[in-house]
Amino acid sequence: MAAASPVKSLQEEATCPLCLEYFTDPVVTACGHNFCRACLSRCWEEPNPAASCPQCRAPVQQGPLRPNRPLANMVELVRQLSLEAGGGGLCEEHQEALKLFCEEDQALICLICRESRAHCAHTVLPIAEAAQEYKGKIQAHLKTLREEREKLLGWKATGERRSQECLKQTQAERQKIVAEFQQFLEEQERLLLAQLEKLDEEIGRLQTDTVRKLSAQISRLSERISELEGTCQKPASEFLQV
């Protein structure tokens, strides 16, 4: 199978995968695919459990989309190089085949235009060569964008990994604090119970001493009462002598 011409390849690069027309206001998703802004918006308006890239189905976050200005510039160029190399239609002024591309004016011209005063001092290339040159520039830019995307994906993965590590550390610290606080409460409980037990013992000792002293006093008073009662029962003569 014959290889596709450079201009044909450029046309494919400049075509939206949704509407299959040249990109209009192209935007790029986080996964690196390009769509017309309106096409992507219509796609996301359809009932979906979650927004995803229509091309690779990777989940993407809906919101402001980054315009792809280099692609928009390339699409405008491809519009001018709409036909394959070797002929780009007819020059409106000279009715000759448009086989050349003027880099200064960014326009297709014919051989007669090339010799005119307007283009004689300009850099002019055959359509195929110009298309190949611009495609090379675009491919280089695409490589840079892909490398940037990979770098951002790497940063994202690193950030997510660090976030998970921080969450694990905070969870471990939380469990440590709970365990230490529980241990502190248990120690305080043992200390308070020991103090209460000591207080109970002191109260018991004081009660025992008080009861013992009171019992001794009661015993002495009982003896004195018995003596006085015995004295009162003696005859008057003996009572008075006492």
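Me: What covers the buried residues of helix 2?
Reply: The cover includes strand 1 and strand 2. Keep in mind that this is a predicted model.

Me: OK, and which residues in helix 2 are buried?
Reply: Cys 39, Leu 40, Cys 43 and Trp 44.

Me: Why do those end up on the same side of helix 2?
Reply: Because they cover an arc of only 130° around the axis, they sit on the same side of helix 2. The general rule behind that is 3.6 residues a turn in an α-helix, so residues three or four places apart point the same way.

Me: Which strands does helix 2 lie across, and at what angle to strand 2?
Reply: Helix 2, residues 37–45, lies across strand 1, strand 2 and strand 3. Its direction is at about 90° to strand 2.

Me: What's the strand order in that sheet?
Reply: The order is 2-1-3, in an open sheet of 3 strands with antiparallel pairing. Strand 2 (34–36) and strand 3 (66–67) are the edge strands, each pairing on one side only.

Me: How many bridges join strand 1 to strand 3?
Reply: There are 2 bridges, and the two strands run antiparallel. Strand 1 is residues 26–28. Val 28 stands opposite Arg 66 in strand 3.

Me: Zooming out, how many helices and strands does the protein chain have?
Reply: It comes to 6 helices and 6 strands. Along the sequence the pattern reads α-β-β-α-β-α-β-β-α-β-α-α.

Me: What percentage of the protein chain counts as buried?
Reply: 22% of the 242 residues.

Me: Last one: what share of the contacts is between residues 24 or more positions apart?
Reply: Taking contacts in the protein chain with a separation of 6 or more, 43% are between residues 24 or more positions apart.

Note on methods:
Residues are numbered from 1 along each chain as its sequence is written. This is a predicted model: local features need pLDDT of at least 70, side-chain atom pairs count only at pLDDT 80 or more; totals for chains, interfaces and linings use all residues. Side-chain values use heavy atoms; hydrogens and water are left out. Two strands pair if DSSP finds at least two bridges between them. Helices (H or I, at least four residues) and strands (E, at least two) are DSSP runs, numbered from the N terminus. Contact means heavy atoms within 4.5 Å. Axes are lines fitted to C-alpha atoms, for helices over the stretch in contact, and angles run from 0 to 180 degrees between N-to-C directions. Buried means under 20% relative accessible area, exposed over 50%, partly exposed in between (1.4 Å probe, protein chains only). The arc is that of the directions from the helix axis to the C-beta atoms.
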